[in-house]
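Here is a short briefing on one protein chain. Look at the overall fold, then at selected side chains.

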Amino acid sequence: MGIQVLQGMIGPTGPQGIQGMQGPNGDSYGVGAYGERYTRDSQRFNVTADMDTIIPLEQTGTAFFVEYDTAYAIDIKKQGTYQINYFLNAATSTDANFTIFLKATDIKLPGTDIRCQAKANTLCEVSGTALLTLKEGDELTLFINSEQATELILNGTTSAKLTTVKID
């Protein structure tokens, strides 16, 4: 034989408590902005010796607080610190020493130079990551500069890519 416990009646509802503090505005899972441009087309283009040449990035990916209004560029719409990843996987028609680097609105960004000593018709892969402060309105682009005149050969895979992620 068990013990029977009697349940009492439900009491009246108490007064409402005070409202808590508002939390911070959330971003999209910590990403304040994101953009990517890349090329997968087979193409060849001339690189003049000692002249900055933009790397054509025709395709675009997801855009979150960036735009793709400027040819081959990621147009920044929110100022902040960005993690920028970039790479080039291409061959040259002649032996050539070249450097890839980033520019923001035609200003070379310090610390983004990556050098390659390329052998003719042999793929050379270079990649880099940079943490940089970008301003609203900056046009982020990927460039190449070669010590020798050469033809850059992109083979139809993802040969060049530029991505940005706003981290603050």
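This is a predicted model: local features need pLDDT of at least 70, side-chain atom pairs count only at pLDDT 80 or more; totals for chains, interfaces and linings use all residues.

Residues are numbered from 1 along each chain as its sequence is written, and side-chain values use heavy atoms, with hydrogens and water left out.

**Overall build**

- The protein has 14 strands and 0 helices. Both are DSSP runs, numbered from the N terminus: helices are H or I with at least four residues, strands are E with at least two.
- The radius of gyration is 26 Å, well over the 15 Å that the globule rule gives for 168 residues, so the protein is more spread out than a compact globule. The radius is taken over C-alpha atoms, and the rule is 2.2 Å times the number of residues to the power 0.38.
- Along its principal axes, the C-alpha trace spans about 95 × 45 × 25 Å.
- Of the 168 residues, 39% are buried. Buried means under 20% relative accessible area, exposed over 50%, and partly exposed in between, with a 1.4 Å probe and protein chains only.
- Among contacts with a separation of 6 or more, 75% link residues 24 or more positions apart. Contact means heavy atoms within 4.5 Å.

**Strand pairing**

- S2 (residues 42-47) pairs with S13 (residues 150-155) in the antiparallel sense over 6 bridges. Two strands pair if DSSP finds at least two bridges between them.
- In this pairing, Val47 stands opposite Thr150 in S13.
- S7 (residues 80-92) also runs antiparallel to S13, joined by 2 bridges. Thr92 stands opposite Leu152 in S13.

**Aromatic rings**

- The count comes to 2 aromatic pairs. Rings of Phe, Tyr and Trp (its six-membered ring) pair if their centres lie within 6.5 Å; planes under 30 degrees apart count as stacked, over 60 as edge-to-face and the rest as tilted.
- Phe64 and Phe65 are edge-to-face, because their ring centres are 4.9 Å apart and their planes stand at 65°. Phe64 is partly exposed at 29% relative accessibility. Phe65 is partly exposed at 43%.
- Phe101 and Phe143 are stacked, with 5.9 Å centre to centre and 10° between the planes. Phe101 lies in S8 (residues 96-104) and Phe143 in S12, so the pair ties together parts 42 residues apart in sequence. Both residues are buried.
- The charged end of Lys78 sits over the ring of Phe65, 4.3 Å from its centre. The charged end of Lys103 sits over the ring of Phe143, 4.4 Å from its centre. A charge sits over a ring if NZ of Lys or CZ of Arg is within 6 Å of the ring centre and within 35 degrees of the ring normal.

**Ser146**

- Ser146 is found in S12 (residues 139-146). Ser146 counts as buried, at 1% relative accessibility.
- The side chain of Ser146 reaches the backbone oxygen of Gln148 at 2.6 Å.
- Beyond its neighbours within four places in sequence, Ser146 is in contact with Val47, Thr48, Ala49, Asp50, Ala96, Asn97 and Phe98.

**Thr99**

- Thr99 lies in S8. Thr99 is buried, with a relative accessible area of 15%.
- Not counting residues up to four places away in sequence, Thr99 touches Asp113, Ile114, Arg115, Phe143, Ile144 and Asn145.
- Thr99 and Gln148 are 49 residues apart along the chain, and their C-alpha atoms are separated by 11 Å.

Terms used. A polar contact is a pair of N or O atoms within 3.5 Å; within protein, one must be able to donate a hydrogen and the other to accept it, and residues adjacent in sequence count only if both atoms are side-chain atoms.
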